[in-house]
Amino acid sequence: MTIDPASAWITIAALAVGTFLIRFSFLGLVGNRPLPPWVLRHLRYTPVAVIPALVTPLVLWPAATGGAPDPARLLAAGATVLAGVLTRSVLAAILAGGAALYLGLWAF
Amino acid sequence: MTAPSPRATFWRGFLNALPFLLVVGPFGLVFGVVAAEAGLDLLAAGAMSVLVIAGAAQFTALQLLVDQAPVAIAVLTALAVNLRTAMYSAALVPHLGAAPLRVRAFAAYLLVDQTFAASLAEFERRPGMTLSEKLAFYFGSATPVVPVWIGASLAGAVLGRGLPPEYALDFAVPIAFLAILSPMVRSIAHLVAAAVSVGVALAFAWVPYGGALLIAGLVAMVAGAEVERRMEARRP
């Protein structure tokens, strides 16, 4: 199925406004007023709290395989995490994940 | 130690964001290809990447529209996927909150996973940075990421169906997210937050329209903060 142009443009416009307002929310409203310590403590954990939940379904049930778990993609995810934890380098993690993915796709 | 010039700080931000291009490039290409297959013309695909700059949200919206979901559902779900940027926005307040409103508005437009991850890591590494240094670094980190995202989207839209699925470019997305995440897990509290996030996401996977992500994010954030609080309380 393809998307009709009117739906596409309404979606694009709504997302343009909506995503900006979400990003501007705290930066725009709070200004230079200091946030209380308990808020800051929670915010320190936002990336490690959100990203695993976002990635888990993509790793376990990739859309490219119709939602079936895929050994090559599982291997790639594991290699990315391992390299990231051991080297503390985003680039090393990406390279390890890419290498494992293509190795896995070739092997399985 | 003398303070680095804003120019040097800008370029440090630029350099620190370069590794993300390995991800943003393929991700943008895939988005362009998916958009072309979904029937979006070059202008619409490009406009979406310029105006929205949110890969996961853009994919979500397209996928739902292709599946014949109502426009309102597609928009709300895509926005829910992007709600994490509200948390990023809040996390940047202690660092960029003192900037003028217009600068904060421009920073908000450029607030994506990569600029946030690169900048927050730097701000935590160097607690003595001034506001102008932080802004220079932040805009420096956005300079390679955003144009490459837009350019790659357009290239993908032109290529259309030319890219074979054997390249598995779809998996650029999870690899990118995991590569950003893994080096951030520096303490037991981080590890607990990440584990809770995975567990809750799986337990609530049946919740439609990105709901599991929101529930897992909130619960895991509270779990991480609570572990940190207890470990600090135990310290003499």
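Domain bounds, as used below, come from an automatic or database domain assignment. The structure is a predicted model, in which local features need pLDDT of at least 70, side-chain atom pairs count only at pLDDT 80 or more, and totals for chains, interfaces and linings use all residues. Residues are numbered from 1 along each chain as its sequence is written, while chains are lettered from A and ligands numbered from 1 in the order in which they are written.

**Exercise 1. Determine how far apart the C-alpha centres of the two domains of chain B lie, and describe their contact.**

Step 1. The assignment for chain B gives domain 1 (6-183) and domain 2 (185-236).

Step 2. Their C-alpha centres are 24 Å apart.

Step 3. Two residues are in contact if their C-beta atoms, placed from the backbone, lie within 7 Å. Seven residues from domain 1 of chain B and six residues from domain 2 of chain B take part in the contact.

Step 4. Helices (H or I, at least four residues) and strands (E, at least two) are DSSP runs, numbered from the N terminus. Helix H5 (residues 71-81) of chain B supplies the largest share of the domain 1 side, four residues.

Step 5. For the classes, Ala, Val, Leu, Ile, Met, Phe, Trp, Tyr, Cys and Pro count as nonpolar, Asp, Glu, Lys and Arg as charged, and the others, Gly among them, as polar. The domain 1 side of chain B that touches domain 2 holds four nonpolar, two polar and one charged residues.

**Exercise 2. Characterise the overall fold of chain B.**

Step 1. Chain B contains twelve helices and zero strands.

Step 2. The radius of gyration (taken over C-alpha atoms) is 19 Å, close to the 18 Å that the globule rule (2.2 Å times the number of residues to the power 0.38) gives for 236 residues, so chain B is as compact as a globular protein of that length.

Step 3. Along the principal axes, the C-alpha atoms of chain B fill a box of roughly 60 × 45 × 35 Å.

Step 4. A residue is buried if 20 or more other C-beta atoms lie within 10 Å of its own, exposed if 12 or fewer, and partly exposed in between, with C-beta atoms placed from the backbone. Of the 236 residues in chain B, 55% are buried.

**Exercise 3. Explain why Ala17(B) counts as buried, and locate its contacts.**

Step 1. Ala17(B) belongs to helix H1 (residues 6-17) of chain B.

Step 2. Ala17(B) counts as buried because it has 26 C-beta neighbours inside 10 Å.

Step 3. Beyond its neighbours within four places in sequence, Ala17(B) contacts Gln114(B), Ala118(B), Ser141(B), Pro144(B) and Val145(B).

Step 4. Ala17(B) and Gln114(B) are 97 residues apart along the chain, yet 7.0 Å separates their C-alpha atoms.

**Exercise 4. Describe the contact between chain A and chain B.**

Step 1. The contact involves 65 residues of chain A and 83 residues of chain B.

Step 2. H1(A) contributes the most to the side of chain A that touches chain B, with 20 residues.

Step 3. By class, this side of chain A comprises 44 nonpolar, 17 polar and four charged residues.
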